[in-house]
Amino acid sequence: MSYSCWWKSAVIYQIYLRSFQDTNGDGIGDIPGIIQRLDYLEWLGIDVVWITPFYPSPMADFGYDISDYQGVDPTFGKLADLDYLIQLLHDRNIKVIVDFVAAHTSDQHSWFIESRSSRSHPKRDWYIWKDPTPEGNPPNNWIGRFDGLSAWEWDAKTEQYYLHSFLKEQPDINWRNPGAKQAMLDVLDFWLQRGVDGFRVDAAYRAYKDPQFRDNPVNPNWHPGMEPSDLLFEVFSKNVPDIHDFNSMLRKFVDQQGDYLLIAELYKSLEEIVKHYGANDEFHLPLNSELMSSDLTWSAETIREIVERYEHLLPEDAWPNWSLGNHDKHRVASRIGGEQAKVGMMLLLTLRGTPTIYYGDELGMEDAWVPSEHIQDPWEKKAPGIGVGRDPERTPMLWDSSANAGFCASSVHPWLPITYDYDGINVEVQKKKSRSFLWLTQSLLTLRKQYPVLQLGQYVSLYAPSQLFCYRRFNEDSDLVIALNFSSEYQEWILPEEFRNQSTILISTFMDRQGGQLGNILQLRGNEGIVLGSVSRSSPSQ
Ligand code: NOJ
């Protein structure tokens, strides 16, 4: 089997299905909605869509609680709709990846219903069941990610506790059980047969737990206002030493089936995530979440440090990846402001590595205000008021200026409110403005295709004043320079010698200057990013 590594040059676009496009009038996005928007996806120029869970689910965690891995929830359509979508995307040369929610099912999954039916049921050990301590307490001190309360739920009928790392409606699967493992691998096979091109493995590092189920150490620095689950250091409940066996088992299975992509959701330090590449025998792309963090200081200095450290840490043959947002993180435009979000988009689409764009970020979409009576996210409900709620970044895609922004009919109540002031931030309006955020994103995606050096070329950073982050992307055919101004002030950059009197502007985040020949100095307006081509060396591919 030969592997093309098609995903190295690809740009992934994450569709949060519930919020992309409603077609059946229930105020929730659906699969026919994606079909309706295929022209847009093709025009934008992305290569892969990642569709968030569409499986049958009681929606306790909005689809990350699956009650049947081999179907489609009626809210989102039918299995035939999904088959059709996959075919239509492939017809347009767009690949599809789906979530593989590996660590837990819904408590309504037939496996769990059987498992909890009796201690002697053959599927009992497909989940993690334990006796109480002699004092009658839960088996250890582990706590749930959303509420910080015990991660063990008592089952009165069979008089044991089961483990749930998230909600009690999401019991953890016991991957160390051969039957459960096989059933989950069959799920992968099922979707590969239906034509998907890969998986984003949800909560990948939670698949295995400490075999002795030891207590997690207490965080002495925890104080109210911090996330409830930060009360403990999760040393034994996730990312345990033999998780790498899980990773490589999954990789081996998928590799045997063909040329597919495996992404791992991890949320760990760079030092830690790079270990999940293994020796190129674990995940193709362990998710790099550095640029999404709410603690991140958005400055040239910090971003340069992150990029350099990551590039340095990557094992040989490991391919980088970058994201600015997803359905679990506040919108990048709300975190760093709309002007810097454009600089962020240029950064995302010009760094070395596979980028993922979160739907709506191509417009500079911001977090929406969600009044307390409309809160949907179980995390916000369990830990109110400390900023963990994820509804603001999950609100409907902004297609036009009509009521409900073209997401659903005006007579329909969308499942989450529409961003308040969307007159300027929607697809229809921005398509008409040549300098809009949308055209910037589309043009950067086009540039990546014209200059394959932006996809696969080498990266090296360049010396620059502290407010700028400048780097080169180069290969045998092309040599491009990216200069990003992280400040709102005008900056000058004395170009490296080999680019003096040689460079031309390919694109500015302001979308108002292109071409010409630069002398020794590049002038950047506040919040401006520029891609420079070298007049003599950078020829776009034909
Ligand atoms: C990670 C998903 O991205 C998140 O949305 C979900 O709540 C948790 N996994 C639990 O399934």
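Reader: Between which strand and which helix is W298 found?
Author: The model is a predicted one, and its secondary-structure elements are numbered from the N terminus. W298 belongs to a loop, and the elements on either side of that loop are strand 9 (285-286) and helix 8 (300-313).

Reader: Is W298 buried or exposed?
Author: A residue counts as buried under 20% relative accessible area. The relative accessible area of W298 is 14%, so W298 is buried.

Reader: Which residue has a side chain in polar contact with the side chain of W298?
Author: Leaving out residues up to four places away in sequence, W298 touches I303, L324, I336, Q340, G344, L347 and F486. For F486, 188 residues apart from W298 along the chain, the C-alpha separation is 7.6 Å. The polar contact, at 2.8 Å, joins the side chain of W298 to that of Q340.

Reader: Where does H327 lie, and is H327 buried or exposed?
Author: H327 is placed in the loop that runs between strand 10 (321-323) and helix 9 (332-336). With a relative accessible area of 1%, against a cut-off of 20%, H327 is therefore buried.

Reader: With the side chain of which residue does the side chain of H327 make a polar contact?
Author: Residues up to four places away in sequence aside, H327 touches Q14, Y16, W50, Y64, R200, Y358, R390, E393 and R394. A polar contact of 3.0 Å is made between side chains, and the partner of H327 in it is Q14.

Reader: How many residues surround the ligand, and which are the closest?
Author: The ligand is surrounded by 13 residues. The closest are D61, H104, D202, H327 and D328.

Reader: What are the distance and the angle between the rings of F190 and W191, and why is the pair edge-to-face?
Author: By the rule for ring pairs, the count of aromatic pairs is 34. In the pair of F190 and W191, the ring centres are 5.0 Å apart and the planes meet at 85 degrees. Planes over 60 degrees apart count as edge-to-face, so this pair is edge-to-face.

Reader: Are F190 and W191 buried or exposed?
Author: The relative accessible area of F190 is 18%, and that of W191 is 1%. Both values are under 20%, so F190 is buried and W191 is buried.

Reader: Over the face of which ring does R37 lie?
Author: One aromatic cluster is formed by Y13, F20, Y40, W43, Y358, Y359, W399 and W439. R37 lies at 3.8 Å from a ring centre, over the face of W399.

Reader: Over the ring of which residue does the charged end of R472 sit?
Author: The charged end of R472 is 4.4 Å from the centre of a ring. That ring belongs to F474.

Reader: Which side chains make polar contacts with the side chain of E234?
Author: E234 is in the loop between strand 7 (198-202) and helix 6 (243-257). Leaving out residues up to four places away in sequence, E234 touches R206 and N216. Its side chain makes a polar contact of 2.9 Å with the side chain of R206, and another polar contact, of 2.8 Å, joins the side chain of E234 to that of S237.

Reader: What is the phi of A203, and where is A203 found?
Author: A203 is not a glycine, although its phi is positive, at about 45 degrees. At 2% relative accessibility A203 counts as buried. Its place is the loop between strand 7 and helix 6.

Reader: What value is the phi of N404 near?
Author: N404 lies in the loop between helix 11 (378-382) and helix 12 (427-431), and at 11% relative accessibility N404 counts as buried. Its phi is positive in a residue other than glycine, near 65 degrees.

Definitions and conventions. Residues numbered from 1 in each chain as written. Predicted model: local features only at pLDDT ≥ 70, side-chain atom pairs only at ≥ 80, totals over all residues. Heavy atoms only, no water. Helix = DSSP H or I, 4+ residues; strand = E, 2+ residues; numbered from the N terminus. Buried < 20%, exposed > 50% of the residue type's maximum accessible area, 1.4 Å probe, protein only. Polar contact = N/O pair within 3.5 Å; in protein donor to acceptor, adjacent residues only side chain to side chain. Contact = heavy atoms within 4.5 Å. Phe/Tyr/Trp six-rings, centres within 6.5 Å; stacked < 30°, edge-to-face > 60°. Lys NZ or Arg CZ within 6 Å of the ring centre and 35° of its normal. Near = heavy atom within 4 Å.
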